[in-house]
Amino acid sequence: MSVVLDIQNLQIALPKGADRPYAVDNLSLQLRAGEVTCLIGESGSGKSLAARAILGLLPAPRVRASGGRMLFGDIDLRAASPETMRAIRGAGIAMIFQEPMTALNPLHTIGRQIDEVLRLHTRLSRAERRTRIIELLADVHLPDPARLLHAYPHQMSGGQRQRAMIAMALALSPKLLIADEPTTALDVTTQAQIIHLIRTLQRERGTAVLFITHDFGVVADIADTVAVLQRGTLVESGPRDAVLNHPQHPYTKALIAAVPRLIPPAARPEPATRVPTILESRKLRKTYGARALFGGRTTTALDGVDIALRTGETLGLVGESGSGKSTLARAVTRLLATDSGEILFNGHDLAPLTRRQLRPYRKRIQMVFQDPFASLDPRQTVLEVIAEGPIIHGTPRAQAHAEARTLLGLVGLDASAGDRYPHEFSGGQRQRIGIARALAMQPEVIVADEPVSALDVSVQAQVLALFADIKARLQLSMIFVTHDLRVALQVCDRIAVMRAGRVVELATAQQVFAAPQHPYTKDLLAAVPGAAWQQAMLERTDA
């Protein structure tokens, strides 16, 4: 197959004071027509900067391509003029960004944004452009393309926005498509659909695809060739099956080992006596009403939900976006008011209590949020963040600060980290700080809402191990919210599968994995990325 892009000894220089001189150092890679090349590595490995260098989108002059060549046909992209790069972007090389909500203009409809690409790069008439846009939206399997033409980004789901981004990237039939972590924050079912879509379009059009990811499960489903980056250096590359099944470099082996396994934990023996329930919801209902001049549509987020968390148990809430799992998590912690139903904590109904009446219960039920950076006050040091809750509840400041430093050690951070600010930490470290803040209140129940969904698989494995260790040491009860059944199987004793505001299946992790009862649960299991590869790997290990 012909080489579409030949990257030779690419170097991307970082500014003075960075952790290393080059974000990418001597990267050589060939992208071929009709092939998907997966560039894999943790955050900070340089994979996204390499992709942006191809399109000339580096934040120069502080970060710049300082050496090597990127040959697109007979054009060296590193030396190309701004005019040449403008002509190549979209028509020759297109990019799908990781977060479509930030890449799409919120003020313009999807149709108008795709139309802009066609208007600037083609001579099609207005009617021809409209027809072409509808065809593109249909190609990426969006429902009712003629209607979605007039939709704004916020009116679409995450998966629909990502499909619209793919349609925009394919508008001019580029020779090379760069997909930068396009499935990281998506549900497993939506993720599987996007992977299948990119694969299908690539095969039909003969496009070269550079797919950037940190998850070898995704690699197993989409890659032809794999290139592994560690701190800017290419440490291993080769055909997918060779890299996945016979990795050579220790870093590659570590990344593969960190992928959550699609196997449940060992079954715990049933206790001799009945374990008491610590937190329970009964017939819990929550609706959201859309405000409009002549009325609006009402959405049912929770439709009579019954769950019971036993003392010392980890209960998983699993489902796609919109299933109601995060709403339920916020409802049982009373961070969200409900319409009806009961929330029982040790037999006491929290649902009708006022804010003042809830105060004694707040410290006993704590929450770890999905995005720690958004939930940590950027103006406070980490020490102040962790100690704030206990101080509010009457702990002397000096004692609260001393306990906060002890908690930093418990979650695997140095006590001196308390003197720094949240923005000075990585995503995984910030999540550890969020856990320490929750533990500072000495809770009986922790509710963790998607705490590892945005983390690299290696960091994710560390945080999951930390949760398990802390839960065992402190005898906590936990509700763990996730859309990834691989993660749920690793940490949960029982799993409640949610769909459209209802619990459609509730069983032990072993039962959900071995004998799922509801068709939706079976769909979730079937959509797990790399499931077939992991199963084959397990069979080889057993043999």
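Guide: Two strands pair if DSSP finds at least two bridges between them. Strands (E, at least two residues) and helices (H or I, at least four residues) are DSSP runs, numbered from the N terminus. The model is predicted, so local features need pLDDT of at least 70 and side-chain atom pairs pLDDT 80 or more, while totals for chains, interfaces and linings use all residues. Residues are numbered from 1 along each chain as its sequence is written, and side-chain values use heavy atoms, without hydrogens and water.

Visitor: Let's start with C38, then. What is its bridge partner in strand 9?

Guide: The partner of C38 in strand 9 is V226. Strand 3 and strand 9 run parallel and are joined by four bridges.

Visitor: And which residue in strand 10 does V226 stand opposite?

Guide: V226 stands opposite G238 in strand 10. Strand 9 and strand 10 are antiparallel, paired over six bridges.

Visitor: How many residues lie between strand 9 and strand 10 in that hairpin?

Guide: Two residues separate the strands of the hairpin, and R231 in the turn has a positive phi of about 50°.

Visitor: What is the strand order of the sheet here?

Guide: The order is 6-7-8-3-9-10 in an open sheet of six strands with mixed pairing. Strand 6 (93-96) and strand 10 (233-239) are at the edges; each has a single partner strand, so one side of each is left without a neighbour in the sheet. From one strand to the next the twist averages 15°, with angles running from 0 to 180 degrees between N-to-C directions and axes fitted to C-alpha atoms, for helices over the stretch in contact.

Visitor: Do go on. How many bridges join strand 7 to strand 8?

Guide: Five bridges join strand 7 (residues 176-180) to strand 8 (residues 208-213), and these strands run parallel. Within this pair, L176 has A208 of strand 8 as its bridge partner.

Visitor: Which strands does helix 1 touch?

Guide: Helix 1 (residues 47-54) packs on the sheet and touches strand 3 (36-40), strand 6, strand 7, strand 8 and strand 9 (225-230); contact here means heavy atoms within 4.5 Å. The direction of helix 1 makes about 150° with that of strand 8. Helix 8 lies across strand 3, strand 6 and strand 8, at about 160° to strand 8.

Visitor: Are strand 17 and strand 18 parallel or antiparallel?

Guide: Strand 17 (residues 445-449) and strand 18 (residues 477-482) pair in the parallel sense, over five bridges. A448 has F480 in strand 18 as its bridge partner.

Visitor: Changing topic: at what angle do helix 4 and helix 5 cross?

Guide: The axes of helix 4 (residues 110-121) and helix 5 (residues 126-139) cross at roughly 115° and come within 10 Å. In helix 4, I110, G111, I114, D115, L118 and R119 meet R129, R132, I133, L136 and L137 of helix 5. These contact residues divide into six nonpolar, one polar and four charged; Ala, Val, Leu, Ile, Met, Phe, Trp, Tyr, Cys and Pro count as nonpolar, Asp, Glu, Lys and Arg as charged, and the others, Gly among them, as polar.

Visitor: Which residues lie nearest the centre of the largest cavity?

Guide: T184, D215, S453, D484 and R486 lie nearest its centre, out of 22 lining residues. The largest cavity holds about 230 Å³ of space. Helix 8 (188-205), helix 18 (457-474) and helix 19 (485-491) each supply at least two residues of its lining. That lining has eight nonpolar, nine polar and five charged residues.

Visitor: What is the volume of the second largest cavity?

Guide: Its volume is about 40 Å³. The second largest cavity is lined by I166, L170, L177, I198, L201, Q202, R205, T207 and V209. Helix 8 gives the most to this lining, with four residues.

Notes: 1 Å grid on protein atoms, 1.4 Å probe; cavity = no way out; pocket = protein on both sides within 12 Å on 5 of 7 lines; lining within 4 Å. Points joined across faces, edges and corners; volume = space filled by probe spheres on them.
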